[in-house]
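Please read the following briefing alongside the sequence and the structure. It begins with a question about charged side chains and then turns to the fold, the helix packing and the surface.

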Amino acid sequence: MASEPVARAVAEEVARWGAMRQTGVSLRYMMEFGARPTERTLLLAAQFLHKELPIRIARRALDLESLPFGLSSKPAILKVRDWYVDSFRDIRSFPEVRSKEDELAFTQMIKMIRVRHTNVVPTIALGVQQLKKDLGGSKAFPPGIDEIHQFLDRFYMSRIGIRMLIG
């Protein structure tokens, strides 16, 4: 099957980018940088996001593949993971941002990514519900469930950061 090598290549690229170090960005820096946008600062922001977003998005996709209790294999979680992989591919396939026209096209693309990810929170919640149902529908999760709570805290905090950068 022709798509298998492509899927493997994408998975390897996601793993490689997910292992890269992300750049810390303070809220104060974002506020100062975006206070009075100029053509130059918008271009610089797009160039930064072109390099930074694939790292952050790849990390989220990898996180979604290594959840405990079989949560990673739930259909809703797989859907969210696919959204992250699709967004990763979109950004990685976008040419280097060099001009105002590139910046405008890149901005449109990341706006579409933001829309794609609109339903991440309820879809993740659905995945947790799918897991709960598979575990017998009990009100209490089994011991060790703290790992899922920690994952969700990290995942949602990172999601907020990504959405702030895109915004």
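Which residues are linked in a network of salt bridges? The network links Glu 65, Arg 81 and Asp 82, where a salt bridge is a side-chain nitrogen of Lys or Arg within 4 Å of a carboxyl oxygen of Asp or Glu. This is a predicted model, in which local features need pLDDT of at least 70 and side-chain atom pairs count only at pLDDT 80 or more, while totals for chains, interfaces and linings use all residues. Residues are numbered from 1 along each chain as its sequence is written, and side-chain values use heavy atoms, with hydrogens and water left out.

**Overall fold**

- The chain has 7 helices and 0 strands, with helices (H or I, at least four residues) and strands (E, at least two) taken as DSSP runs and numbered from the N terminus.
- Of the 167 residues of the chain, 35% count as buried, a class that means under 20% relative accessible area, with exposed meaning over 50% and partly exposed lying in between (1.4 Å probe, protein chains only).
- Among contacts (heavy atoms within 4.5 Å) between residues at least 6 apart in sequence, 79% join residues at least 24 apart.
- The accessible surface of the chain, from the Shrake-Rupley method with a 1.4 Å probe and, for residues, with only the protein chains shown counted as cover, comes to about 10200 Å², and 57% of it belongs to carbon and sulfur atoms.

**Salt bridges**

- Side chains of opposite charge can pair when their charged atoms come close.
- By the rule given above, the count comes to 8 salt bridges.
- Arg 81, found in helix 4 (residues 75–93), forms a salt bridge with Asp 82, the closest N and O atoms being 2.7 Å apart, and Asp 82 is partly exposed at 33% relative accessible area.
- Glu 65 also forms a salt bridge with Arg 81, with the closest N and O atoms 3.8 Å apart; this pair links distant parts of the chain, as Glu 65 lies in the loop between helix 3 and helix 4 and Arg 81 in helix 4, 16 residues apart.
- Glu 65 is partly exposed, with a relative accessible area of 46%.
- Not counting residues up to four places away in sequence, Arg 81 touches Ala 61, Leu 64 and Glu 65.
- Within helix 3 (residues 39–64), Arg 56 and Glu 52 lie 4 residues apart, about one turn of the helix, and they form a salt bridge whose closest N and O atoms are 2.8 Å apart.
- Arg 56 counts as buried at 10% relative accessibility, and Glu 52 is buried at 3%.

**Packing of helix 4 with helix 6**

- The axes of helix 4 and helix 6 (residues 120–134) come within 7 Å and cross at roughly 150°; axes are lines fitted to C-alpha atoms, for helices over the stretch in contact, and angles run from 0 to 180 degrees between N-to-C directions.
- Residues of helix 4 including Trp 83 and Tyr 84 meet residues of helix 6, among them Ile 124 and Leu 126.

**Nonpolar surface patch**

- Leu 27, Met 31, Met 157, Ile 160 and Met 164 make a nonpolar surface patch of about 540 Å²; patches are made of residues with over 30% relative accessible area and no salt bridge, like charges being joined within 9 Å and nonpolar side chains (Val, Leu, Ile, Met, Phe, Trp, Tyr) within 5 Å.
- Helix 7 gives the most to this patch, with 3 residues.
- Met 164 lies in helix 7 and is partly exposed, with a relative accessible area of 39%.
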